[in-house]
Amino acid sequence: LFPNPEQQTRPSHVLVVEDEAALRAIVAEELRSRGLIVIEAVDADEAWAYFESGGSVDVVFSDVQMPGSMNGLDLARRLNAFDPYLKIIITSGRFAPREGEEIHAFLPKPYLLDHAVAAILAALEARRRGGVS
Amino acid sequence: MTEKKPCVLLVEADILVRHPLAEYLRECGYRVLEVNNAAEARALLEREPSAVDVVLAETDGASSGSGFELANWIRRNCAGIDVELAGTVAKAAEKAGDLCEEGPALAKPYDHSLVLDRIRRLMAARERNKPKR
């Protein structure tokens with residue numbers, strides 16, 4: 001009944017998981033210019049390490065094929081088990097998620113920056129409204 | 001027209017170190033590009049050499065070349081870019097603090113020792129939350 005001022009003022013956190021540095025930087029900088037806090041992970045293992053440390057995340061925007069012990073879909077499954085309210089957007093030029101995969105949205109590569117930002121903002125809105133993906 | 005922010009390329013293998021340092025430098029008024037290793041740094045510099053003013057790199061450099069090798073490569077190939085090498089997390093935080101002293105913002109948002117405290121807390125949390133093997 002009483003609004004939590006800390007919750008109201010906390011900026012939204014987006015975890016961008018992408019092994020191509022230039023693409024990661026372009027997406028991250030565009031999101032930062034819109035007032036979001038962006039965490040950049042170079043692969044799924046880094047993204048998971050950030051989670052293990054208790055770092056805040058509202059939306060995950062992840063590539064699928066990356067070096068390391070997990071791909072983006074493995075990461076999504078692990079994160080879903082950890083927090084079913086987390087909004088996960090998967091992007092790939094080669095792999096599409098299977099039906100029944102618990103993700104919020106899929107964005108095929110190559111994508112337009114505007115489309116990626118719109119998908120992330122929509123996911124943040126869905127996160128604010130609450131509910132499982 | 002908005003003034004171009006000076007740009008720091010931050011080369012650090014651990015996301016729990018890289019993200020807090022990058023956020024600190026952003027609060028000091030820098031544009032910050034984040035990469036995980038020397039190979040990513042070189043790829044970004046080859047693509048956009050004029051975008052970067054300072055490189056802040058760890059000396060160990062994880063899997064793809066040390067910070068020393070990267071520094072030598074930058075001196076040979078990217079005239080005008082300053083390179084700051086840090087051998088420890090504490091040194092990296094100190095160098096980030098130095099950059100903030102001379103940075104574009106009028107005042108530092110907080111002391112670099114607070115960044116170091118935050119990094120240590122995140123690393124301790126990661127250790128605590130790791131599944132027991």
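In these exercises, contact means heavy atoms within 4.5 Å, and the structure they refer to is a predicted model.

**Exercise 1.** Determine which residues of helix 1 and helix 4 of chain B meet, and describe how the two helices are arranged.

*Solution.* Begin with the contacts: from helix 1 of chain B, B:Val17, B:Leu21, B:Tyr24 and B:Leu25 meet a set in helix 4 of chain B made up of B:Val89, B:Ala92, B:Ala93, B:Ala96, B:Gly97, B:Leu99 and B:Cys100. Sorted by class, this contact has 10 nonpolar residues and 1 polar residue, with no charged residues.

Turn next to the geometry, where the axes of helix 1 and helix 4 (residues 89-101) of chain B come within 10 Å and cross at roughly 15 degrees. Because angles under 35 degrees count as roughly parallel, helix 1 of chain B is roughly parallel to helix 4 of chain B. Finally, the handedness of the crossing is right-handed.

**Exercise 2.** Identify the elements that build the largest nonpolar core, and find the contacts of A:Leu79.

*Solution.* The largest nonpolar core has 26 residues, and those with the most contacts inside it are A:Leu15, A:Val17, A:Val60, A:Leu75, A:Leu79 and A:Ile88. At least two residues each are supplied by strand 1 (13-17), strand 2 (37-41), helix 3 (44-52), helix 4 (72-82) and strand 4 (87-92) of chain A, and likewise by helix 1 (15-27) of chain B. The largest share, 6 residues, comes from helix 3 of chain A.

For A:Leu79, leaving aside residues up to four places away in sequence, the residues touched are A:Trp48, A:Phe51, A:Val60, A:Leu86 and A:Ile88. A second, separate core has 22 residues, including B:Leu9, B:Ala38, B:Ala41 and B:Cys78.

How values were computed
Residues numbered from 1 in each chain as written. Chains lettered and ligands numbered in written order. Predicted model: local features only at pLDDT ≥ 70, side-chain atom pairs only at ≥ 80, totals over all residues. Heavy atoms only, no water. Core = buried A, V, L, I, M, F, W, Y, C linked by side-chain atoms within 4.5 Å. Buried < 20%, exposed > 50% of the residue type's maximum accessible area, 1.4 Å probe, protein only. Helix = DSSP H or I, 4+ residues; strand = E, 2+ residues; numbered from the N terminus. Axes fitted to C-alpha atoms, helices over the stretch in contact; angles between N-to-C directions. Parallel < 35°, antiparallel > 145°, perpendicular 65-115°, else oblique. Left-handed = near helix turned anticlockwise from the far one by under 90°. Nonpolar A, V, L, I, M, F, W, Y, C, P; charged D, E, K, R; others polar.
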